[in-house]
Amino acid sequence: MNVVVIGAQWGDEGKGKIVDFLADDADAIVRYSGGANAGHTIVINGEQYALHLVPSGILYPGKVVFLGTGMVIDPEALFAELAMLKERGIEWEGRVFISERAHLVLPRYREMDKTRDAQRKKPIGTTGRGIGTTYSMKSERDGIRLADLQWNDKMAELEPEDRDFLAPYTERLLAMRVNLTAKMHELREANVLMEGAQGALLDLDSGTYPYVSSGMSCSAGAATGAGVGPRALDRILGVFKAYSTRVGNGPMPTEFDEQNQSELYQFVRDTGREYGVTTGRPRRCGYLDLVALRYACQANSIDGLVLTHLDIYDTLDEIEACVAYEIDGKLVTDFPASIEELNRAKPVLQQFSGWKASLKECRSYKKMPKAAREYVEFIESFTETPVDIISVGYERSETFIRRNPWKK
């Protein structure tokens, strides 16, 4: 069975923790998109791991993980991350494989990324990791894949500095190569967890273009990125937080007003630890945007939602969530494609009673306070999508399942 985990907002929803949680029942884990611009934080027994390229399932002994076809991989960053895992007692050798069709990030791409964004009249807010340039080179058919490291004519086309950079990594990369489509066919009767990067609203086609990532962070990207067809995807889970966050520029209709709501803004940011894993940048925070979340469910055929950070609201008297936008005096309930409309959108908010109790000890839905259950059930009704898993803390154990994604 193939289970896909995507972000259902603008990234940073807690996908890493959820993939780690579900990986216990998986035979293999495939990261299908993105590069070192992504950051997944996992906390196990109080110990924190920050992963950028390696799939979260690597923390389980014996699990096999794959860096997929849709990824763009910086060899320097990859081997630094693997060295970190080794130092912390995670034996990864023989368990990490790379699709031979995955593209490689070269050092000069990082500067090209930064320069290009600085030249834009309205910068996107790139992480400067060379991701956008690598995907651009890929689409222009000028990129280099793992398989190309043994193609002499292709290597001869590269700049001398590129060849010098790749030389110390070439043998190690080739030793990890795999024909991912053949491997996925071999694993067709196994449980495979497919891990996305960023979020649905940052997808190149269905996100808030041009303020998006350059890869496929939608659920459809799991098929191409894992080397399978779309009918091989059995279940799609969308991870979202009880509120909204975004890093970098681009529209965010429910963002808190930092001048007039500075106390709420800082409370959510600090309590939720809303600082980028990769960049350290403080994240923009706002009310849960149910209009955007419903759109993400529809655009990605999400079967079940995964709610994280619900415990952040434990001490509040009341909670608000966005159920529509007001744009130029009109009520809008569908997520617009127009950036100008999204920039002018004012959130129409609905209030909910707070539960004024700690959720961290809850290990079942029935044990949650009534007000918390009502909030969850409203989300389900509005999005027409069930909330299958709820996270009430950072630890692996602070999670409970309402519907097992591994059961058809």
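The domain assignment divides the protein chain into domain 1 (2-237) and domain 2 (241-401), with bounds that come from an automatic or database domain assignment. This is a predicted model, in which local features need pLDDT of at least 70 and side-chain atom pairs count only at pLDDT 80 or more, while totals for chains, interfaces and linings use all residues. Residues are numbered from 1 along each chain as its sequence is written, and side-chain values use heavy atoms, with hydrogens and water left out.

The C-alpha centres of domain 1 and domain 2 are 27 Å apart. Contact (heavy atoms within 4.5 Å) joins 47 residues of domain 1 to 43 residues of domain 2. Buried area is the accessible area (1.4 Å probe) that two parts lose on being put together, summed over both; carbon and sulfur atoms give 57% of the area between these domains.

| Between domain 1 and domain 2 | Value |
|---|---|
| Buried area | about 3500 Å² |
| Salt bridges | 2 salt bridges |
| Polar contacts, both residues at pLDDT 80 or more | 18 residue pairs |

A salt bridge places a side-chain nitrogen of Lys or Arg within 4 Å of a carboxyl oxygen of Asp or Glu, and the side chains of D20 and R396 form one at 2.8 Å, N to O. A polar contact is a pair of N or O atoms within 3.5 Å; within protein, one must be able to donate a hydrogen and the other to accept it, and residues adjacent in sequence count only if both atoms are side-chain atoms. The rule finds 18 such residue pairs across the interface.
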